[in-house]
Amino acid sequence: GRSLAKIEGHIRKCAETILTNGLDIGRDLIEIRENHRYKDEGYESFDKYLRAKSQELIGQSYDSAKRLVRCATVEERIPENVRFTGEPKNDLTAKHMEELSRLAPQVEGERGSTKNYDALKPTVIKRVMKTAAKLAENGAGVSRISVRDVQAAVDKELGIDREAEKRERQRQKE
């Protein structure tokens with residue numbers, strides 16, 4: 001694998017365009033974690049490495065760095081052969097992945113509940129992305145899948161009705 005310095009250099013370069021390279025950064029951070037590269041600089045855990053380095057590496061908080069790792073983890077769950085309205089999966093951004101991450105199953109932990117992103121089922125992602133692709137289609141044929149399309153498809157899968165919730169909040173205010 002690549003040396004820690006080489007991976008960190010790539011992360012710094014990507015950080016300059018974090019909106020388009022968020023998933024790249026997440027993939028690099030996963031590589032550091034999985035190959036235990038953080039130990040090269042004497043960190044005993046990936047978490048401690050990330051807490052110490054996220055601001056310097058990507059100019060973002062520890063929580064933002066963790067989000068990029070989460071998004072890249074979700075991206076890995078998308079089946080390779082899945083194409084959405086002709087879009088290769090690499091046209092999707094970290095924001096798309098963040099919406100898909102809501103599909104991950106809950107894991108009950110000591111401190112509240114967390115999600116297990118590695119347990120996210122590719123079949124569920126495929127079904128949700130088909131729904132998002134249908135939402136993205138306009139009369140003229142195929143269009144890009146927006147983050148909002150993915151959000152709506154995830155909401156449908158999870159049985160969330162944002163409009164009904166908004167009406168209920170209004171009713172309670174009155």
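A: Helices (H or I, at least four residues) and strands (E, at least two residues) are taken here as DSSP runs, numbered from the N terminus. The model is a predicted one, in which local features need pLDDT of at least 70 and side-chain atom pairs count only at pLDDT 80 or more, while totals for chains, interfaces and linings use all residues. Residues are numbered from 1 along each chain as its sequence is written, and side-chain values use heavy atoms, with hydrogens and water left out.

Helix 5 spans residues 94-101 and is mostly covered, since six of its eight residues are buried, where buried means under 20% relative accessible area, exposed over 50%, and partly exposed in between (1.4 Å probe, protein chains only). The buried residues of this helix are A94, H96, M97, E99, L100 and S101. E99 belongs to that group because its relative accessibility is 15%. The side chain of E99 also makes a polar contact, at 2.5 Å, with the side chain of R102; such a contact is a pair of N or O atoms within 3.5 Å, of which, within protein, one must be able to donate a hydrogen and the other to accept it, and residues adjacent in sequence count only if both atoms are side-chain atoms. Leaving aside residues up to four places away in sequence, E99 touches V147, V150, Q151 and V154, with contact meaning heavy atoms within 4.5 Å.

Turning to the whole protein chain, its secondary structure comes to eight helices and two strands, and the elements run α-α-α-α-α-β-β-α-α-α from the N terminus on. Of its 174 residues, 37% count as buried. Among contacts in the chain with a separation of 6 or more, 55% are accounted for by residues 24 or more positions apart.

The structure holds zero disulfides, a disulfide being a pair of cysteine sulfur atoms within 2.5 Å.
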